[in-house]
Amino acid sequence: MAVAEAARRGHRVTAVVRDPGKYQGLAAEGVAVVAGDVTDAARIAELASGHDAAINTAAAFDEDHFTSAARALTAGLSAAGVGRLVAVGIGGSLEVSPGVAAHDEPSLPEEARAFSRNHAAQLPILRASDLDWVVLAPPLVYLDEGPGTGAYRLGSAQVIPGADTFAYADLALALVDEAASPTRSRELVAIA
């Protein structure tokens, strides 16, 4: 959805996927669909060259996926001269009280807790970089694939009370907004 939103706004987009054959539907005017891997710094540098910003929506259940991606993105984007990274986070990384992440709550199932901790492990790597980055963290349950509301709100690094679901379409709006006209810098931000 972020690719479609960026293209709709007239941005030149390079959609980097592992298997372009599976993503023929992304191809549109102004969109190049190319093969790549978010954990390959050299390929990131090659593909990011000439771009103003990068949006990372990649996820995997591998324990080291998010840290490997953060290392590759910080190195590759820096080498390409791209200073802005907008990434999708996860609500489990947000605080439920000062200093207590949602993924540390005993009510969260262990598999969700592990995935969230893996996601949060990228934050120290991003903080140590020179990139202007933001990680937008939707609520823990946001699997709404509907048309969205056309709006969103940004919070802090704390869970937004009452935010239980969030549409992918609204997340796409925020991702493209933060890539094109940043309002947050070098922080994890709740979105609802």
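Glutamate 178 lies in helix α6, which covers residues 168-180; helices (H or I, at least four residues) and strands (E, at least two) are DSSP runs numbered from the N terminus. The model is a predicted one, in which local features need pLDDT of at least 70 and side-chain atom pairs count only at pLDDT 80 or more, while totals for chains, interfaces and linings use all residues. Residues are numbered from 1 along each chain as its sequence is written, and side-chain values use heavy atoms, with hydrogens and water left out.

With a relative accessibility of 2%, glutamate 178 counts as buried (under 20% relative accessible area, with exposed over 50% and partly exposed in between, for a 1.4 Å probe and protein chains only). Beyond its neighbours within four places in sequence, glutamate 178 is in contact with Arg84, Val86, Val134, Leu136, Leu154, Thr183 and Arg184, contact meaning heavy atoms within 4.5 Å. The side chains of glutamate 178 and arginine 84 are joined by a polar contact of 2.8 Å, that is, a pair of N or O atoms within 3.5 Å, of which, within protein, one must be able to donate a hydrogen and the other to accept it, residues adjacent in sequence counting only if both atoms are side-chain atoms.

Arginine 153, in the loop between β7 (132-137) and α6, is partly exposed, with a relative accessible area of 45%. Neighbours within four places in sequence aside, the contacts of arginine 153 are Ile160, Pro161, Ala190, Ile191 and Ala192.

In helix α4 (residues 110-120), the buried residues are Arg113, Phe115, Ser116, Asn118, His119 and Ala120. Their cover includes α3 (65-80), β4 (84-88) and α5 (123-128).

Helix α2 (residues 41-48) packs with α3 at an angle of about 40 degrees, the axes being 7 Å apart; axes are lines fitted to C-alpha atoms, for helices over the stretch in contact, and angles run from 0 to 180 degrees between N-to-C directions. Ala41, Ile44, Ala45 and Ala48 of α2 make this contact with Ala72, Leu73, Ala75, Gly76, Leu77, Ala79 and Ala80 of α3.

Overall, the protein chain contains 6 helices and 8 strands. Its radius of gyration, 16 Å, is close to the 16 Å given by the globule rule for 192 residues, so the chain is as compact as a globular protein of that length; the radius is taken over C-alpha atoms, and the rule is 2.2 Å times the number of residues to the power 0.38. Of the 192 residues, 45% count as buried.
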